[in-house]
Amino acid sequence: MDRNAPAAEPVSAQEARQLFAGWKRIPALVLAVSGGPDSVALLWLAARWRKSLKKGPDLLAVTVDHGLRAAASHEARDVKRLASALGIAHRTLKWSGTKPKTGVPQAAREARYTLLARAARSASAVAVVTAHTQDDQAETILMRLSRGSGITGLGGMAAQTERHGIGLLRPFLDIPKARLVATLDRARIGYASDPTNHDPAYTRSRLRTLMPVLASEGADARTFARLALRLSRADAALERMTDGAERYLRLRGGEDSGFDAALFSALAEEIQVRLLRRALAGGMAAHPPELGQIETLLRALVQAQSEGRRFKRSLAGMTVSVEKGRLVVRPAPPRRSIHPSGRSGRS
Ligand SMILES: Nc1ncnc2c1ncn2[C@@H]1O[C@H](COP(=O)(O)OP(=O)(O)OP(=O)(O)O)[C@@H](O)[C@H]1O
């Protein structure tokens, strides 16, 4: 801890009003409250804000018990108690079913969002609100940076997006965690601390330990948040250019399927990658292709065209080929498999 650092300011009622201003006309919202400081602060600030209004959304706090830590059920009960003291309805949802041996954090996250979306639907809520902070945003970008993400990924988490067909709102992306902790301390409200946040078995925990070192060199959470803002702006511009390129290629393509391969190859590489990503995503593949896979495919396409060779590749359940001067992306035919009887068949 830097002893000279100014103490973090609690989030004022006025600031919360600004953060939540867009919610006034929403009929109902789910608040995702784990019991940790960020989401307990969300619960407290949202309850205070709602109380100050004559009309506003019905709030339902939801805690997901992943069944992974013994303390989780106590924490859920503490959240319920606080919610009830604040006049907010609360539900605890359990992640039942078998847990995977590896990739537990990802599986828990997936299950959590599925349960939260289900709770939102049954409460007629249009969105789930999470308490992701500026520090979470910085960690997310650092994780994506270490995985070699592109511009879209490095744009970080969006303040408003959709998941499982339900809105996802993150009002605290510009608020440092320390300010949420200070908010609870001022209000004398307790919260849980999740020991897995510091477990070196998890990539996120290990990267988190780098944050103070990076901050001492100027790369603090604010810097990461600024980077996210700039890159998401660039990403939005590139998506608009991709829209334009797609319209142009379709216009020049008449009724034919696919794109004119010569026109496609004259586009900027970044736009080509994005067009391919869109075309491949159209196949609704269970696992959308990674950026690196699309880049490899594009390199092979350029190579084949420069050598005047035919081109046909499969990726994410789709086939990409050049046919009569047109670049065509279509669902790959089902793979042939060998039946136990020895006869070949379709799988
Ligand atoms: N068990 C839970 N029950 C309800 N909400 C939760 C729970 N865990 C996390 N959340 C919500 O998600 C937010 C982010 O939590 P956390 O940073 O732990 O998520 P994560 O596992 O890193 O994944 P992601 O950032 O993709 O959500 C919390 O502030 C809270 O709003």
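A residue is called buried here if 20 or more other C-beta atoms lie within 10 Å of its own, exposed if 12 or fewer do, and partly exposed in between, with the C-beta atoms placed from the backbone. The structure shown is a predicted model, in which local features need pLDDT of at least 70 and side-chain atom pairs count only at pLDDT 80 or more, whereas totals for chains, interfaces and linings use all residues. Residues are numbered from 1 along each chain as its sequence is written.

View 1. Buried residues make up 28% of the 347 residues in the chain, and the C-alpha trace spans about 70 × 55 × 45 Å along its principal axes. The secondary structure comes to 13 helices and 12 strands, which are DSSP runs numbered from the N terminus (helices: H or I, at least four residues; strands: E, at least two).

**View 2. The open sheet of six strands.** The strands follow the order E3-E2-E1-E4-E6-E5 with mixed pairing, where two strands pair if DSSP finds at least two bridges between them. Strand E3 (89-94) and strand E5 (160-163) are the edge strands, each pairing on one side only, and the twist averages 30 degrees from one strand to the next.

**View 3. Strands E2 and E3 with the helices packed on the sheet.** E2 and E3 run parallel and are joined by six bridges; Asp-65 stands opposite Lys-94 in E3. Helix H3 (residues 72-85) packs on the sheet, touching E2 and E3, and its direction makes about 170 degrees with that of E2. H4 also packs on the sheet, its contacts including strand E1 (28-32) and strand E4 (127-129), and its direction makes about 150 degrees with that of E2. Contact requires C-beta atoms, placed from the backbone, within 7 Å; axes are lines fitted to C-alpha atoms, for helices over the stretch in contact, and angles run from 0 to 180 degrees between N-to-C directions.

**View 4. The shell around the ligand.** The ligand is surrounded by 15 residues, the closest being Ala-32, Ser-34, Val-64, Thr-130 and Ala-131; a residue is near a molecule if its C-beta atom, placed from the backbone, lies within 6 Å of it. Helix H2 (37-51), strand E2 (58-65) and helix H4 (104-122) each supply at least two residues of this shell.

Key:
Two residues are in contact if their C-beta atoms, placed from the backbone, lie within 7 Å.
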